[in-house]
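User: Please take a close look at one part of this model, the interface, and describe it in detail. Then relate the remaining local features in one connected account.

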Amino acid sequence: MGELQATHAAAHEAHGDHAESFIRKYVFSTDHKVIGVQYGVTALVFLAVGFFLVLLMRWQLAYPEQPMPLLGGLFGNRMTDAGVMTPEFYNQLGAMHGTIMVFLGVVPLAVGAFGNYLVPLQVGAPDMAFPKLNMASYWLYFLGGIIMLASFFLPEGSARSGWTSYPPLAVLEPGGQTWWLIGMVLLINSSLLGSVNIIVTIVQLRAPGLQFMRLPFLVWAQLVTSFLLLLAFPPLEVAGFMQLLDRVAGTSFFMPTGLVVDGQAVAFSGGGNALLWQHLFWFLAHPEVYVLILPAMGIVGEIVANNTRKPLWGYKTLIYSVLFLGGMSFIVWAHHMFLTGMGTAISTFFQLTTMIISVPSIIILTVLIISLWGASIRFSTPMLFALAFIPMFGIGGLTGLPLGLSVADIHLHDTYYVIGHFHFVVAPGTLMALFAGIYYWYPKVTGRRMNDTLGRWHFWPTLIGLNGVFLPMFLVGMAGVSRRLYDGGTTYAHAQDVLWLNEVSTVASWLLAAAQVVFVINFFLSLRNGKKVEDNPWQATTLEWATTSPPLGHGNFASPVTVHRGPYEYSVPEASNDFSPQHQEST
Amino acid sequence: MAEIEIPYNSTNHPDTGVYNAKLGIWLFLASEVLFFGALFSSYILLRVGAGGTAGDWPLGADLLNVPLATFNTVVLISSSMTMVMSWASLKSGNFDAFQRYFGATIGLALLFLLVKGLEYYAEIFHQRYPSTSTFLATYYTMTGIHALHIIFGVAVNAYHFVSAKRLYAEEPERFTNRIEVAGLYWHFVDLVWIFLFPVLYLL
Ligand code: HEM
Ligand SMILES: [Cu+2]
């Protein structure tokens, strides 16, 4: 295959393809690289949308009851009242912000884009194992996303019961929740196809010589992530069906007996269990948080090794840690439910497992820090972002520990402290890593580098902005202010001392927004004006750099590659270069 | 653009001993185990919450048609057998026998759906709807989702049935593998019914 196919593809490109194949090539493509880019661009757009929604919310939190500047008139009477957003609209923004960020932004970028683009290249394969399913996966995701967005335009508006969609509230709310459920089912099937594809690709299509213990850490991270998606999502799909039936067919899966709303008994047969939803939801959503973090760790691992010019310290430890983390993540879910009265025995079990699962997280962090030790670090733009990931993830992880102990969680549950905790892991953590990945593999995809000066102008304000947004939340939360309050706590006596912090967060979010403008400019300008690169601009060792940048057409490698060594052979004593690529026979 | 060739598409990988689609279907079935696992867990939780048959939970046999469901169980098990035979016929190169057995598999699946439809019709005729009680909601949902799996299987098999000649002529080995994969899925769906039947109708 290899050589023949690739030259064939190249020849085809030289002819200039016919009109019909433009669609085949860039829209309904089966090439994992094109699909990866489609995933990436779509996910970035969704991230921008989700960020925009939260900017609106932050205005309301800092300046409740004041009309939104510029945007106040935009949303019409249904969503705003004299320029002030209505409580209903605030709830819609909150629910959709969470949903969009997690399911349409971060995961599609981390798994759909990075996984799709990099895994086949890093294992030396011509494509994913099932290219057509891969295409279907993208289009299901796209459709799910459109349905989610479209729900804003319903007369009753979008879903508004939080990204967690707890019943009975979610069952009783009008309108958009049904669309949310349908959108979720599509997204779940999309990720199912994607995860089967990634696992089979890694297991079956590794190049000769590429044993499991020679796989780049990123590939391991994607492998474990895919298993989490594969096994954790189905229960949420079931739960989604059941909630859908509660809404449209009048069943009572989640509707308890004798429910009274506004002084009226609701028309349900009853006999259901609202906590059942929470169990099914968190059975997915806890593993899902590792889906958010593991690919980020993988990206950081690659970039740290490359920019320290050293092998990752404790490569095997890293791998055993992510495997352990992946397995454990299935038995910690009820730490989100300590306040539901599960009983002491069950609480104890989940506290114990939560403490245990923190250990591998800390090990991974430690491995990354030790890897920096004694290196002469290249402070490239991707490396800056990767370095920032380490302490930011540290803060996020450490603030999770008190939440995992029910004594502390009774105070902290559903306060801004929780919001601070998980945003630190996902935003200053995962998002920084994803930016690192974009800067690092941009030359691979486009053949050009992103501008380093603009990169720094993106990095520092982003880092400061993120901390400015989320650090105050710990204080607000410890003062006892609940999440999901329409006015940010203005009417509560205990919130008065910390209300000013709401404004700090909001102003920091503007800085953050400004910094992303720099990123967008850099992203597009570099497409045309970025410095052209040779095939391996970072002098990296892994297989994605063994082909041209950008890789030639469908098929990836000009001739089949064979692997001769581990993934991070940097600065090998006596080698002629400070890096020894995996496919190179002699050093 | 020319189709590129994916390694181990129809031949077994020397280390793992399977071809890609076979690993793929096993992974898919693993996720299906969790899918139906969640359904069965929900069933148990709701039933226990209702105080079991001593409480508000009716005995399936009092509401549902056990003889029809028993008949359907036999139908589905037979279809699993014809499915195996169709694959075995392909393996031994007997294309005509394959077509007979494979056609029978599809026919039996349709018969199952017909009987299931009659059951639903009778339930609705007696004004037993999903909204009537949590037991009925569970019953409709679990059997309904199972029926959707059957319909999906019938669609996949029907496609292979009508294009069998062409696909077999082009790549006999690959086609045989596809039937094997479709078969694995089919057996799984049958297996689910083997659990559903006693849980919903008898216990
Ligand atoms: C490292 C150890 C970690 C521990 C011990 C931990 C513990 C917890 C606990 C106990 C809660 C529930 C708090 C409550 O609702 O009262 C929680 C919430 C959450 N955590 Fe973590 N966590 C850890 C890491 C992570 C990571 C890596 C992520 C994601 C990338 C994450 C994302 C979340 C999210 C999204 C929520 C809140 C969901 C919600 O209620 O909306 N956590 N964490
Ligand atoms: Cu959790």
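Analyst: Across the interface of chain B and chain A, five residue pairs are in polar contact, with both residues of each pair at pLDDT 80 or more. A polar contact is a pair of N or O atoms within 3.5 Å; within protein, one must be able to donate a hydrogen and the other to accept it, and residues adjacent in sequence count only if both atoms are side-chain atoms. This is a predicted model, in which local features need pLDDT of at least 70 and side-chain atom pairs count only at pLDDT 80 or more, while totals for chains, interfaces and linings use all residues. Residues are numbered from 1 along each chain as its sequence is written, chains are lettered from A and ligands numbered from 1 in the order in which they are written, and side-chain values use heavy atoms, with hydrogens and water left out.

The number of salt bridges between chain B and chain A is zero, a salt bridge being a side-chain nitrogen of Lys or Arg within 4 Å of a carboxyl oxygen of Asp or Glu. On the side of chain B that touches chain A, helix 1 (20-49) and helix 5 (134-162) of chain B each supply at least two residues. Helix 1 of chain B gives the largest share of that side, 15 residues. Helices are DSSP runs (H or I, at least four residues), numbered from the N terminus. By type, the residues of this side of chain B are 22 nonpolar, 12 polar and two charged; Ala, Val, Leu, Ile, Met, Phe, Trp, Tyr, Cys and Pro count as nonpolar, Asp, Glu, Lys and Arg as charged, and the others, Gly among them, as polar.

In total, 36 residues of chain B are in contact (heavy atoms within 4.5 Å) with 44 residues of chain A. The area buried between the two chains is about 3,400 Å², and carbon and sulfur atoms give 73% of this value. Buried area here is the accessible area (1.4 Å probe) that two parts lose on being put together, summed over both.

Chain A also holds metal donors. The copper ion (ligand 2) is coordinated by A:His286 (ND1), A:His335 (NE2) and A:His336 (NE2), at 1.8 to 2.1 Å. Donors are N, O and S atoms within 2.8 Å of the metal (3.2 Å for Na, K and Ca); water is not among the atoms, so sites may look incomplete. A:His286 in helix 10 (residues 274-308) and A:His336 in the loop between helix 11 (315-328) and helix 12 (344-372) of chain A lie 50 residues apart, a pair that links distant parts of the chain. A:His286 is buried, with a relative accessible area of 4%; buried means under 20%, exposed over 50%, and partly exposed in between (1.4 Å probe, protein chains only).

The iron atom of ligand 1 is 4.7 Å from the copper ion. Its only protein donor is A:His421 (NE2), at 2.1 Å, a residue of helix 15 (residues 416-446) of chain A.

Most residues other than glycine have a negative phi, and most peptide bonds are trans. The bond from A:Pro167 to A:Pro168 is cis, with omega near 5°, and a cis peptide bond also joins A:Ser549 and A:Pro550, with omega about -5°. A:Arg484 has a positive phi, near 60°, and is partly exposed at 40% relative accessibility.
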